[in-house]
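Let's take a friendly walk through this structure, one contact at a time. Have the sequence and the 3D view open as you read.

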Amino acid sequence: MATEEIHLRQAKHNEQFLDTFDLSTTPYLDWVVTVIFCAALHYIRALAARHHFGNVSSHADMDRIFSRVPVFRRQPDVYVDYRQLKDDSRAARYDARQFSPREVVELQDEEFQRIRVFVVARLN
């Protein structure tokens, strides 16, 4: 079971990888969407670990975090943002959905940043 620190490190690692892409020219926007989702997932898991909810082995377990961990239950908008990133990542991976640079920037600057800010504020 990964700890809060491990999940934070992985989230930051994913963000560093994300920063290597030039969103206006990369042909890999589908992968960028997936990296954004993975970074958000690790931020959420870090906060869940802080609240002793660390046994997560599936996406269904991830969804349960939002109903079982009080800090997430009190902020349902975080789940909405998480689901948007999860659904878009899944569409990129399984449905070969194509994203425009503008769409990816919006995911990064809106849904992802709201999750990141929410989690970091509660971990400090």
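The side chains of Asp-87 and Arg-83 come together in a salt bridge, at 2.9 Å from N to O. Here a salt bridge is a side-chain nitrogen of Lys or Arg within 4 Å of a carboxyl oxygen of Asp or Glu. Both Asp-87 and Arg-83 sit in helix H5, four residues apart, about one turn of the helix. An α-helix has 3.6 residues a turn, so residues three or four places apart point the same way.

A word on the model: it is predicted, so local features need pLDDT of at least 70 and side-chain atom pairs count only at pLDDT 80 or more, while totals for chains, interfaces and linings use all residues. Residues are numbered from 1 along each chain as its sequence is written, and side-chain values use heavy atoms, with hydrogens and water left out. Helices (H or I, at least four residues) are DSSP runs, numbered from the N terminus.

**Salt bridges**

The structure holds nine salt bridges. Three of them are set out below.

| Salt bridge | N to O distance |
|---|---|
| Asp-87 and Arg-83 | 2.9 Å |
| Asp-61 and Arg-64 | 2.5 Å |
| Glu-15 and Arg-116 | 3.2 Å |

How exposed are the partners? The terms are buried (under 20% relative accessible area), exposed (over 50%) and partly exposed (in between), with a 1.4 Å probe and protein chains only. Asp-87 is partly exposed because its relative accessibility is 35%, and Arg-83 is partly exposed at 28%.

Asp-61 is buried, with a relative accessible area of 13%, whereas Arg-64 is partly exposed at 30%.

The bridge between Glu-15 and Arg-116 reaches across the sequence. Glu-15 belongs to helix H1 and Arg-116 to helix H6, so this pair ties together parts that are 101 residues apart in sequence. Glu-15 is buried at 16% relative accessible area, and Arg-116 is partly exposed at 26%.

Salt bridges also link Asp-88, Arg-97 and Glu-103 into a network.

**Helix H1**

Which residues of H1 are buried? They are Glu-4, His-7, Leu-8, Ala-11, Asn-14, Glu-15 and Leu-18. These residues cover an arc of only 125° around the axis, which puts them on the same side of H1; the arc is that of the directions from the helix axis to the C-beta atoms. On the other side of H1, Arg-9 and Gln-16 are exposed. The buried residues of H1 pack against helix H2 (29-50) and helix H6 (101-123).

Thr-34 is part of helix H2, and its 9% relative accessibility makes it buried. Leaving aside residues up to four places away in sequence, Thr-34 touches Ser-89, Ala-92 and Arg-93, where contact means heavy atoms within 4.5 Å.

A search of the whole structure finds eight aromatic pairs. Rings of Phe, Tyr and Trp (its six-membered ring) pair if their centres lie within 6.5 Å; planes under 30 degrees apart count as stacked, over 60 as edge-to-face and the rest as tilted. One of the pairs is Phe-37 with Tyr-82, which is tilted, with 5.7 Å centre to centre and 40° between the planes. This pair links distant parts of the chain, with Phe-37 in helix H2 and Tyr-82 in helix H5 (residues 76-94), 45 residues apart. Both Phe-37 and Tyr-82 are buried. Ring pairs join Phe-37, Phe-66, Phe-72, Tyr-79, Tyr-82 and Phe-118 into a cluster.

Conventions:
Helices (H or I, at least four residues) and strands (E, at least two) are DSSP runs, numbered from the N terminus.
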